[in-house]
Each structure stands twice: as C-alpha cells, then as structure tokens.
Amino acid sequence: MILKMIKAKYPIGKFKEIETPFYYYDLDVLNKTLSEISRNIANLPFEVHYALKANVNPEILRIIKDAGMGADCVSGGELQAAFDAGFPSEKIVFAGVGKADWEINLGLDNNIFCFNVESIPELEVIDELASKKGKIAKVALRINPNVSANTHHYITTGLNENKFGINLSELDKVIRLVKTLQNIQLIGIHFHIGSQITDISPYKDLCAKVNELEDYFVQNGIKLENINVGGGLGVDYEHPNHFPLPDFESYFKVFRDNLKLREGQILHFELGRSIVAQCGSLISRVLYVKEGTSKKFVILDAGFTDLIRPALYQAYHRIENLTSEDAEQEYDVVGPICESSDVFSKGYSMNGTKRGDLIAFRTAGAYGEIMASQYNLRKLPKAYTSDDLGEV
Ligand code: LLP
C-alpha cells in the first residue's frame, strides 16, 4: 500500500508558546470516534464501557460520559475518577486481578453495576464485605477463555498461562461456591483476550467459546443477563492521518454475526485504546541534533517518562516534525533520560531537523499521559485540548 505522506493539522502557533513536552488532545477526532461507535451499536443490545486505564483526562472523560458510555475501572482511583466525571453507577464495571478491600468497599458504597471477579478468594472477600454492609454485590465471572489474541506478549491476557481470570477447569467449583454465597448475585460472564488486536479473527474464536460456555451455564441452571467481551480493538499506529478511526464496523459485526445472544441479554464491551488513541499526540521540542560516528541523534525534551510505550513494548508511534519541510533524513530519535532504553525510534526518516523544532508523537492518546512517571525527577507532562488552544 503506497500512501501519500500527509501531516496532521495542529495549532502550531499556539504550540510554540507552550512549555514542552505536553499532550494535545484533538476533541474533534474524539467526537468523531464516539459518533462512529454510537452509529454502529444503535438499536442493538450493546453497551460500551470506556476503559479508563487508557486515559483519565477530565475533559475526555466528560465527553465520553456525555456520549452515553459507561466506565470500566481497575482501581479505586479509577472508580473515583469515574464518579467525579459523572458516569452513572449503574454503568460502571470494576475489574482487576487484585482488588483491595477499600476498593471493593468503594464500589459497594456506590452501588456499581458489576464487579468482574477473577478468582475464588476474591469472590469470598466480596461476599464478606457486602454482607457487612447488608448489600448484594453483582458480579460477573472473568473467565480465561484460552484464546490467543496474536498481539504483543505483554498485552495478551486470555491464555491459560496469564494471571488473569478463572480457568475453565475451575468453573464447576466456582459455580458451586457462588450458589452458596448469600451476598453475591451472579449477573454475567466476562472476558478480555488482549489489546491492540487488529486481526478480527481472535474475536470470532472468542464468540465460539462464549456460545459454548453459555450452554454450559444453562445446563447448570444459571441464566446470565450479561456477556462482557472486554476490549482490545487495535488502532492504526502507522497511518493515523489516513485511518484516524478504528474499524468499529467490522469489530461490532463479528459479535453481531457470531455471538448468540439469548433473550434479554446485553452484550458489554470495554474499549479503551480504540476510543482515545488517535485523538492524542505528545508534543516535544528538539533540544539538540547530535552527529554520532555513524548516525545522527535527535535529542528531545520528551523521554520515556512522558511516553513509555516504545521503551516498554517496542511500540511504534509515528513521529512528525511539525516545523520543518526540509528533505527527509534518518535519525535516531531519543529522549534525555539516563537510560539506554530511552529511545523512541532508530533510523527514523523525517524532515530535516534542527534545535527548537516541534515534534509530534502520533496516536498517543491511549496509555500515554496516564503511564507517565517522574523518574529522574522530571515534571509530569501537562495536557491541552483543542478547546483550550482554539482553531488550527
Ligand atoms: N478490559 C480489560 C479487562 C483490560 O485488561 C483492558 C486493557 C481493557 C479492557 C482495555 O483494552 P483496550 O481496548 O484499551 O485494548 N499499556 C498497554 C495496554 C495495556 C492494556 C491492559 N488492559 C499499551 O500501552 O499498549
């Protein structure tokens, strides 16, 4: 595929006045993404919960909440952020392999929709804490379907070898236990096979597994009202200007065509990356261009403390020089942190670069700002939206 090179549109004049590095969120892209989701699930018994772990910028949360989505949280902090942003409790799910007592209590006190439960001991603790409050906790069992997601091994979650979920071999035992717990109401089953999934076929495999499991639950006299298939839909990191919207159509279609929903059942999704990745960029300034013996280094004021994905997962982010039209050259693009892993890309071809140029890392709206750290006692990056900075 040969695609004409295009650059994203940014308010560069404004960028020049702002201290770098910072995150920039294009709310128009976010709104278009949300409309595309709404269009695809209209009139279907489908409910999307935004996975807050991808990004908790308050403005982004508000827009997603206003679009009618629920929230998928994995910590007390995320639950609080969801409450603060105004997500209704009855649309909040709480997942995570290690929920602390205070986090469970926070969920119970706020009557959240559902706890996605990952183990027998967790079920027992939720039952005990709910009983102390005289409440019934609604739970979905997170089942490990042993389906491969064909993605990076750090973000594959649905295999037996992963720490997540209840293994299929344990299900009989779990169901017997659930029937004895007075303060637990089993309302569904939950799955999540991995993240940045661009090949849709693993979702087909997941649907087949879910159909099988549904039969199993029916045979055990359990009616499930909710099926939650998690998140994981991938985005195009290579071509954000050409394909800014993920392929929601094919994604939802796989479930429409392959998952047999029973009477009255609701199908839940927990999408994170596909909702927020393309609206965000990390903007950085070039500090120095250094001539090495065999290569040129572009040394930025952003490092892996601001965007850790390349260092942690060898992830690719498109890099654009926003202030140069000079002929392309190859550079190793690196950060200022005192670690050899602080490299964004090696041998990256971009417009001729000099000190002071502004650089954008594209597709950084998901798992970017939220994974920032203060290592080397650096400042956390600030964030601005297109509403803050005005028209391009
Ligand atoms: N539900 C569960 C249970 C999850 O574990 C995750 C992500 C999601 C939903 C949302 O998945 P998404 O739609 O965003 O793919 N930091 C990594 C990604 C880690 C994903 C962890 N779980 C990265 O930067 O690629």
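Guide: Helices are DSSP runs of H or I with at least four residues, and strands are E runs of at least two, both numbered from the N terminus. With that convention, Lys 7 falls in the segment before α1, the helix of residues 12-17. The model is a predicted one.

Visitor: How many helices and strands are there in the protein chain?

Guide: The protein chain has 12 helices and 17 strands. Its radius of gyration is 22 Å, close to the 21 Å that the globule rule gives for 392 residues, so the chain is as compact as a globular protein of that length. Along the principal axes, the C-alpha atoms fill a box of roughly 70 × 45 × 40 Å.

Visitor: What share of the residues counts as buried?

Guide: The cut-off for buried is under 20% relative accessible area. Of the 392 residues in the protein chain, 55% count as buried. As for contacts, take those with a separation of 6 or more: residues 24 or more positions apart account for 74% of them.

Visitor: Back to Lys 7. Is Lys 7 exposed or partly exposed?

Guide: Lys 7 has 25% relative accessibility and counts as partly exposed. Leaving out residues up to four places away in sequence, Lys 7 touches Asn 241, Glu 320, Asn 321, Ser 324, Glu 325 and Asn 351.

Visitor: Which residues of α6 and α7 make the contact?

Guide: From α6, the contact takes Ile 120, Leu 123 and Glu 124; from α7, it takes Lys 173, Val 174, Leu 177 and Val 178. By class, the residues of this contact are 5 nonpolar, no polar and 2 charged.

Visitor: Which residues does Leu 129 touch, leaving aside its neighbours within four places in sequence?

Guide: Leu 129 is placed in helix α6. Its contacts, with those neighbours left aside, are Asp 101, Ile 104, Asn 105 and Leu 108. Leu 129 is buried, at a relative accessible area of 6%.

Visitor: What about the nonpolar cores? How many residues has the largest one?

Guide: A nonpolar core joins buried residues through side-chain atoms within 4.5 Å. The largest core here has 101 residues, and those with the most contacts inside it are Phe 217 and Ile 275. Helix α8 (residues 201-219) supplies the largest share of this core, 7 residues. Apart from this core lies another, of 11 residues, among them Phe 15, Ile 18, Tyr 24 and Leu 358.

Visitor: With which residues is Ile 275 in contact?

Guide: Setting aside neighbours within four places in sequence, Ile 275 is in contact with Leu 30, Thr 33, Leu 34, Ile 37, Val 48, Tyr 50, Ile 64 and Met 69.

Visitor: Now the backbone. Is the peptide bond from Thr 20 to Pro 21 cis or trans?

Guide: That bond, from Thr 20 to Pro 21, is cis, with omega near -5°. Pro 21 sits in the loop between α1 and β1 (22-25).

Visitor: What is phi of Asn 43, and what is phi of Gln 314?

Guide: Phi of Asn 43 is near 65°, a positive value in a residue other than glycine. Asn 43 is in the loop between α2 (27-41) and β2 (46-51), and at 82% relative accessibility Asn 43 counts as exposed. Gln 314, not a glycine either, has a positive phi of about 55°. Gln 314 is in the loop between α11 (309-313) and β13 (319-321), and its 60% relative accessibility makes Gln 314 count as exposed.

Conventions. Residues numbered from 1 in each chain as written. Predicted model: local features only at pLDDT ≥ 70, side-chain atom pairs only at ≥ 80, totals over all residues. Heavy atoms only, no water. Contact = heavy atoms within 4.5 Å. Nonpolar A, V, L, I, M, F, W, Y, C, P; charged D, E, K, R; others polar. Buried < 20%, exposed > 50% of the residue type's maximum accessible area, 1.4 Å probe, protein only. Rg over C-alpha atoms; globule rule 2.2 N^0.38 Å.
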